[in-house]
Amino acid sequence: MIDPIAIAIGPLKIHWYGIIMGLAFFLGTYLARRNSKRSGIDPDHVLNMVVWIIPAAIICARLYYVIFEWDQYKGNLMDIIAVWKGGLAIHGGLIGGVLAGSWYIRKHNLPFLKLADVMMPSVILGQAIGRWGNFINQEAHGGPATAEFMAKFPAFIRDQMYIGGQYYHPTFLYESLWNLVVFVILLLMLYRFKKFDGQILFSYMILYSIGRFFIEGMRTDSLLIADTLRVAQLVSLSLIAIGLILFLVFARKGKQSRESHNTAE
């Protein structure tokens, strides 16, 4: 088992979870700044916006999780701030990030969809990296798995997924790999196949949510409504539907705009 504490100096303890999340934010910010230059956006806006997005995303991700797991925290409110133990809900983080980003964009009169397209590859890359924090904390795993099945994985993953005398499906890994696939697709879209503003954002909503829906069904620690409905699956279905509708609407508008431009020439 991997010790969740990476460095301990007296009372100071630095957790792997925090290190991994910090790496995710750093690489995501670096990539977004590079992508902003290609899209004709001042990269300083990305950096300034991230200063607001990161704390908002962390706070909302934690609040989202605590709300659905209130019975776990109502007896010890101080545990609410112990984010290094895990318990950050991605959908809550997305809500916080969108709210903070929208506020900054509106304040500086920037193009929302164009900036969102720049940010989405960074978001999904950060999610792919962040899932390894779940691995360290032995959370966000699936149901029981056989030793024969787990033998297909590297020893360090197999050993970490051996919890309480039982192997469990490494769903953190499944989602991390799916997110990396989505990351490559979004990056290719942004660099070579973008036809209209919003294309990368809507594609993210669809592709990430498809993977999350199926992987969530394998997990044992899902946030629930009425003890039966998995919150992440309901949110994923909603994002898929909204993303598809917006993609089709904006793709049609983009096509009409290009046809009008060509006719005018």
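I began with A140, which is found in the loop between α5 and α6 (147-150). The model I am reading is predicted.

**A140**

I looked up the backbone of A140 and found a positive phi of about 60°, although A140 is not a glycine. Is A140 buried or exposed? I noted a relative accessibility of 4%, so A140 counts as buried, the cut-off for that class being under 20%.

**N109**

I then turned to N109, another non-glycine residue with a positive phi, here near 55°. I placed N109 in the loop between α4 (90-107) and α5 (112-136).

**Nonpolar patch**

Which residues make the nonpolar patch? I listed I59, L63, I67, F68, I225, L229 and L234, with a patch area of about 610 Å². I checked which element gives the largest share, and wrote down helix α2 (residues 43-68), with four residues.

**L234**

I picked out L234, one of the patch residues, and located L234 in helix α10 (residues 231-264). Its relative accessibility is 37%, so I recorded L234 as partly exposed, that class lying between the 20% and 50% limits.

How values were computed
Residues numbered from 1 in each chain as written. Predicted model: local features only at pLDDT ≥ 70, side-chain atom pairs only at ≥ 80, totals over all residues. Heavy atoms only, no water. Patch = residues over 30% accessible without salt bridge, like charges linked within 9 Å, V, L, I, M, F, W, Y side chains within 5 Å. Areas by Shrake-Rupley, 256 points an atom, 1.4 Å probe, with all protein chains shown as cover. Salt bridge = Lys/Arg side-chain N within 4 Å of Asp/Glu carboxyl O. Helix = DSSP H or I, 4+ residues; strand = E, 2+ residues; numbered from the N terminus. Buried < 20%, exposed > 50% of the residue type's maximum accessible area, 1.4 Å probe, protein only.
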